[in-house]
Amino acid sequence: MLNIEIDGLKLSVEEGISILEAAKKANIYIPTLCYEKELSVYGGCRLCVVEVEGEELLKPACATSVEGGMKIKTHSRKVRKLRQNLFELIIATHNIDCQLNCLTCSRNRSCELKKIAEDIGIEKVRLDPIRGGHSVDNSSYSIVREPDKCISCNRCIRKCEEIQGIGIFTTANRGPDTVVTTFKDMGMGNVECTNCGQCILSCPTGALHEVYQKEKVWQALENENKHVIVQTAPAVRVAISEPFSAKAGEISTGQLVAALKRLGFDAVFDTNFAADLTIMEEGTELINRINNKETLPLFTSCSPGWIKFIEHFYPQYLSNLSSAKSPQQMFGAVAKNYYAEKAGIDPDDLVVVSVMPCTAKKFEAKRKEMGSDVDYVLTTRELSGLIKAAGIDFLNIEEKEYDKLLGVSSGAADIFGSTGGVMEAALRTAYELITEKELEKIDFEVLRGDQGIKKASVNIEGFELKVAVVHGLNNAHKIMKMIDEGEEFHFVEFMACPGGCLNGGGQPISYDEDVVEKRRKAIYQIDKNKKLRKSHENPYIKKLYEEYLDKPGSELAHRLLHTEYIK
Ligand code: HC0
């Protein structure tokens with residue numbers, strides 16, 4: 001340990017950490033725009049400069065390691081002046097009329113620039129803007145890029161490269177003309193972007209955001225000739241209260257349903273119902289592949305970012321993907337067929353809206369393999385905007401329950417939202433379907449938590465089922481290498497986003513570094529609180545098979561609920 005002093009506080013800190021990290025541990029705030037805990041240090045914005053006694057030049061706190069005896073000042077006059085000057089330079093290369101357009105910017109309530117301007121006491125910007133005129137990149141179904149709002153913090157570049165192992169972003173030009181762009185400025189829809197939206201979570205400004213479908217949903221809700229229903233993904237219920245100033249990790253299922261009903265949806269259903277259905281179909285496929293000695297390992301197919309990733313980087317493994325559609329798409333297919341028939345509605349008059357924590361779900365809904373079963377996809381953030389616009393007091397609204405037919409789900413479905421959840425749900429069902437015995441210990445703790453690759457072996461009547469759980473696409477590269485080199489698995493769960501959908505690119509942007517862990521705890525708590533905790537015990541899933549689909553893997557189930565990905 002090293003003894004140092006920050007702003008007169010005597011501290012004992014670990015060797016090798018940066019001044020920024022040491023200050024953080026002591027709850028001393030140092031502003032920064034380009035630093036992010038999980039990413040490599042870039043040191044580009046320089047806002048974190050501090051004064052170190054005995055040193056003439058100010059030091060960037062993020063890129064300077066602590067040394068024994070250091071005496072650091074984080075807000076001396078020299079530091080404050082330089083920070084203000086640097087900030088003005090950053091603003092000058094930001095959107096020309098950022099100040100004018102601030103009101104309409106997607107990040108007007110969560111802009112890190114605005115926050116820092118207040119934190120460091122910016123009163124005016126003296127420099128004329130020196131950049132602008134880059135066109136907006138609208139080439140993607142999922143993500144919009146507005147280069148004029150970019151401040152070149154390079155967090156998106158590092159996130160995409162280091163965490164997701166892809167690297168679709170690069171910088172072009174020099175000096176004040178430097179701009180973050182895609183390969184040959186081709187646009188995000190034309191490069192190897194997986195649409196995961198992790199870059200949006202890292203962007204401090206409004207330079208990256210989802211493709212909005214809010215207006216289309218308002219129009220559908222206002223159209224009296226349309227019957228508009230909505231499904232909500234597992235991870236939405238533990239994050240939707242955050243934009244309403246609730247602390248992270250609140251369970252808001254009842255408020256979510258009530259708010260959607262107040263917005264005017266004709267029925268409020270749950271993607272979780274379809275997650276239970278996915279387990280029936282995917283579980284059956286796994287058992288059949290093992291029994292018939294077909295292609296293994298089976299890869300889960302519900303994360304659309306992962307699907308795009310395997311298509312780009314490992315097309316030789318496409319036959320390993322489960323043919324089961326994702327729960328979002330299974331829900332759409334069941335709604336446009338079974339529900340429409342039962343409710344006596346012409347499918348052409350039925351509008352299916354999804355609320356997802358994921359930007360890639362917007363792309364998934366538009367894939368030709370999916371037909372047009374899901375009409376519009378809103379992110380959790382977009383839904384919070386609709387709720388605010390409708391003047392709903394979200395935190396205090398009286399809770400409501402999902403509509404029954406496609407709205408009842410097991411705890412196994414809830415945990416889909418976390419890395420490891422799909423696998424755990426599948427094992428709870430596969431074990432009981434194979435053995436016809438009750439699984440006594442249904443919590444597979446070994447599959448939980450944030451380790452990048454988790455492996456387990458489950459003994460089912462003497463058969464050692466080897467499974468793995470992977471999240472974050474850089475980890476997907478790693479396990480694909482392991483599989484290439486001959487490591488044996490029967491079933492692998494892949495989620496594109498680190499942490500799973502809880503940390504999807506469409507979730508509320510949070511400054512809480514533990515936000516994912518808090519959401520995760522909440523989602524496992526929902527599962528624990530439920531009586532129904534296994535997908536195959538869901539009475540409405542049984543009813544769906546009895547009344548309509550016949551049995552898992554039936555001809556009709558295949559027609560509606562399965563697909564094939566061909567490069
Ligand atoms: Fe997920 Fe899903 S769990 S991908 O992570 O499987 O987005 O929350 O909705 O479809 O159910 C996202 C979350 C889903 C789907 C489900 C799966």
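Predicted model: local features only at pLDDT ≥ 70, side-chain atom pairs only at ≥ 80, totals over all residues.
Two residues lie between them in the hairpin, where Asp 7 takes a positive phi near 50 degrees. β1 also has a parallel partner: two bridges join it to strand β5 (residues 71-73), with Glu 5 standing opposite Lys 71.

Let us step back to the whole chain for a moment. The protein is divided into domain 1 (2-90), domain 2 (143-212) and domain 3 (215-561). Between the centres of domain 1 and domain 3, taken over C-alpha atoms, there are 42 Å. As for confidence, the protein averages a pLDDT of 95, and 99% of the residues score at least 70. For the complex, the predictor gives an ipTM of 0.91 and a pTM of 0.96.

Strand β7 (residues 169-172) pairs with strand β8 (residues 179-182) in the antiparallel sense over four bridges, and Thr 170 has Thr 181 as its bridge partner. This hairpin has six residues between its strands, and Asn 173 takes a positive phi near 70 degrees.

Now turn to a parallel sheet. This open sheet has four strands in the order β11-β10-β13-β14. β11 and β14 (376-379) each have a single partner strand, so one side of each is left without a neighbour in the sheet. From one strand to the next, the twist averages 25 degrees. Between β10 and β11 there are four bridges in the parallel sense, and Ile 229 stands opposite Ala 267 in β11.

Helices lie across this sheet. α7 lies across β10, β13 (350-356) and β14, and runs at about 120 degrees to β14. α13 lies across β13 and β14, at about 85 degrees to β14. Which elements do the buried residues of α8 pack against? They pack against α7 (214-222), β10 (227-232), β11 (267-270) and α13 (380-389). Helix α8 itself covers residues 253-263, and its buried residues include Leu 256, Val 257, Leu 260 and Leu 263. After α8 comes Gly 264, which has a positive phi near 110 degrees.

β15 runs antiparallel to strand β16 (residues 463-471), with eight bridges joining the two. Here Ile 460 stands opposite Phe 463.

Finally, have a look at the ligand. How many residues surround the ligand? There are 22, and the closest are Ala 233, Ala 235, Cys 302, Cys 358 and Cys 501. Two helices deserve a mention here: α9 (271-291) and α11 (327-343) each supply at least two residues of the shell. α9 gives the most, with three residues.

Note on methods. Residues numbered from 1 in each chain as written. Buried ≥ 20, exposed ≤ 12 C-beta atoms within 10 Å, placed from the backbone. Contact = placed C-beta atoms within 7 Å. Domains from an automatic or database assignment. Pairing = 2+ DSSP bridges. pLDDT = per-residue confidence, 0-100. Near = placed C-beta within 6 Å. Axes fitted to C-alpha atoms, helices over the stretch in contact; angles between N-to-C directions.
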